[in-house]
Every structure is written in structure tokens, then in C-alpha cells.
Amino acid sequence: MGIRVANVSKHFGAFKAIDNVSLDVESGSLVALLGPSGSGKSTLLRMIAGLDQADGGRIWISGEEATQRSVQDREVGFVFQHFALFKHRNVRQNIGFGLELRKWKKDQIQRRVEELLNLVQLQGYGKRYPSQLSGGQRQRVSLARALAVQPKVLLLDEPFSALDAKVRKELRAWLRNLHDEMHVTTVIVTHDQEEAMEVADKIVVMNEGRIEQIGSPAEIYDHPATPFVMNFVGEVNVLPRGVLPATTSGEAGKGADLFVRPHDVEVLMQPRPGSLPARLRRLTHMGRDLQAELVLDSGAVVLAQLPRDQQDPRDLVVGAEVHILTRQGRTFVEDYAI
């Protein structure tokens with residue numbers, strides 16, 4: 001097992017940041033801790049690294065208990081959100097810094113730094129300083145520095161959140177390819193659902209210091225365990241109980257709110273059995289898809305994601321009366337008192 005966390009808790013004063021969390025991360029896997037701000041994901045990562053001490057529980061890294069070990073003794077690589085590079089050191093010196101502290105020989109450091117420059121695709125940038133690099137290049141230097149000391153596990157705390165959307169997407173693909181090549185046990189913290197879905201083998205969804213669900217990206221999206229998970233991971237319409245008739249969806253009419261993905265909402269020009277009248281309030285062109293914002297007679301707002309090759313935008317006139325039909329939806333009846 002790469003990382004094992006057992007019954008770990010952490011308080012900051014009266015605030016319970018982590019509430020009796022247990023988690024296993026398989027050796028060589030890439031796991032994303034996903035959740036909103038304040039969910040406890042960064043605190044959990046920092047406790048694995050040894051930067052914060054747990055109030056209770058135990059932590060193992062590569063089969064060895066690390067609960068009371070120092071940061072240095074845990075042999076982890078940590079990548080921060082804001083690069084944390086030394087401005088007065090060039091790229092080579094930044095990458096080799098940890099090796100200098102470990103008293104590696106100069107020729108060994110040079111060889112290791114060159115290996116990492118090739119690995120992170122920064123050949124020829126060794127003499128540049130952080131101020132001469134783009135944000136994406138600086139974050140790759142940070143990652144190379146973390147890998148230089150050959151850590152047992154690699155921990156990344158929202159490493160791409162300070163970058164623009166295009167660079168984030170490029171680095172996500174790059175990180176996934178790098179992980180497939182190196183197979184270092186890796187945990188990445190993110191609040192970006194798309195990022196977690198794109199890079200991770202497994203996703204751990206956190207909320208208010210607890211784990212809501214653990215699963216593959218497909219399991220998390222297609223089979224959410226709780227209303228929170230379905231609300232947080234991907235777009236969703238939440239339709240109050242009683243808004244849709246039972247014939248609209250196999251899940252409707254059970255006395256609970258209905259959760260429907262926008263791509264499972266069909267917009268009709270004519271009514272069908274089980275459909276509901278709606279008014280098209282807004283139509284947004286999203287590239288290959290159209291996003292329709294619809295208002296039901298009850299006042300509930302529904303978003304529909306419509307593929308352009310299946311829906312002619314000329315049929316959709318803002319302000320027009322249309323009809324909607326849900327192909328499938330989810331209820332979480334157990335969350336409601338009966």
C-alpha cells in the first residue's frame with residue numbers, strides 16, 4: 001500500500017477540519033482529493049506530508065508508520081500551488097537544491113538534474129531564472145525539484161490553480177503522461193472537477209472534513225453516492241419533489257428531489273406523454289453543444305445541454321414555449337425523512 005490513513009482527525013480551535021477519515025492509496029496510483037474550499041482536502045494532504053500533525057489517528061507511507069515522523073523522514077515530494085521557487089537560483093540550482101541538502105556529490109547532482117530537465121521537457125532552460133519562465137514552466141520546475149530526491153510519494157496541493165485555463169489543461173495531460181511513465185504514488189488536491197476526472201485513477205470526494213465517496217471518475221459521475229457528490233461533480237438540475245410527474249422519469253414521483261444532468265434533458269417542439277411545458281429563457285452557443293435555459297410553469301429553472309448535430313438551433317427561439325422530457329434522473333430518498 002502506498003499510503004494508508006486510519007481514523008485521522010484534525011481540529012483548528014473549535015473547527016473540525018478532518019473528522020475521523022480513513023483512506024487507502026494504492027502504490028503507484030494517482031488519486032485526487034476533490035472538494036470545495038474548507039472541505040479538508042489540503043489539511044489531509046498536509047498531514048500525510050507531516051506539515052500538520054494529526055490530533056488522532058495513524059498514517060503509513062510505503063508500509064511504514066509515519067504518524068510521528070518529521071517531514072524529512074517521511075521522504076515525500078511536495079508541490080505547492082504558488083511554485084515556491086528560489087528567485088535567486090536558476091532552474092538547475094532550484095531542481096538540485098534538495099540534493100545539495102542531502103550531500104549528494106556534485107557530479108551526481110548534475111546527472112540527476114539533467115535527467116529531470118529531460119523528464120519535464122525543459123531541456124535548454126537550466127540556466128534561466130524563475131522570472132524568465134512562464135507559469136507552466138515554473139510549475140514543471142517545482143515538480144522536477146520534488147521528484148529530484150526520489151520520494152516515496154508525491155503530493156500536489158492545487159498545483160495548477162494559479163495558471164490560466166489553457167495552460168492548466170496542457171499541464172493536466174502532461175502530468176498524467178508523466179505519471180504513467182514513472183508510477184510514483186501521487187495524491188493531488190483540487191477543487192476542479194474536470195481536473196480530477198482527467199488525471200486521477202480514483203477520486204476522493206470530501207465535504208466538511210469527511211469523505212463522501214471514493215471511486216473511479218466514471219463511478220463518481222455516473223453513480224454518485226450522495227446528493228452532495230452529484231451536485232458537486234458535473235452540472236446538474238435539482239428539481240423539487242412534485243415538479244415532474246412520475247411518467248417523466250423512472251426515478252420521479254418518489255417523494256424526493258430529482259437530480260438530472262443537463263445532457264439528460266430533451267427539448268421538444270411538441271408535447272409527448274410525460275413531458276412538461278417550459279419557456280426558453282436563454283440559448284447559449286457552447287461550441288459543439290447548445291445550452292438552453294428553460295423555465296417551468298412552477299418557476300423552476302432547468303438547464304439542457306443539446307448536441308448541435310441533434311438539435312437545430314433555428315428551432316429554438318428565445319421566449320418560445322417548448323416542452324421538456326428527462327431521459328433519466330436520480331433521487332436520494334434515504335436523505336429525506338418519510
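**Exercise 1.** Determine how helix 3 and helix 4 pack against each other in this predicted model.

*Solution.* Step 1: helix 3 spans residues 91–101 and helix 4 spans residues 106–119; helices are DSSP runs (H or I, at least four residues), numbered from the N terminus. Step 2: the two pack at an angle of about 125°, and their axes lie 9 Å apart. Axes are lines fitted to C-alpha atoms over the stretch in contact, and angles run from 0 to 180 degrees between N-to-C directions. Step 3: helix 3 is therefore oblique to helix 4, since angles under 35 degrees count as roughly parallel, over 145 as roughly antiparallel, 65 to 115 as roughly perpendicular and the rest as oblique.

Residues are numbered from 1 along each chain as its sequence is written. In this predicted model local features need pLDDT of at least 70, side-chain atom pairs count only at pLDDT 80 or more, totals for chains, interfaces and linings use all residues, and side-chain values use heavy atoms, with hydrogens and water left out.

**Exercise 2.** Describe the packing of helix 5 with helix 6.

*Solution.* Step 1: helix 5 (residues 135–148) meets helix 6 (residues 165–182) at about 25°, with axes 11 Å apart. Step 2: this angle makes helix 5 roughly parallel to helix 6. Step 3: the contact (heavy atoms within 4.5 Å) includes Leu-143 of helix 5 and Trp-174 of helix 6.

**Exercise 3.** State the confidence of the model.

*Solution.* Step 1: pLDDT, the predictor's confidence in each residue from 0 to 100, averages 90 for the protein. Step 2: 94% of the residues score at least 70. Step 3: over residues 247–253 pLDDT stays under 50.
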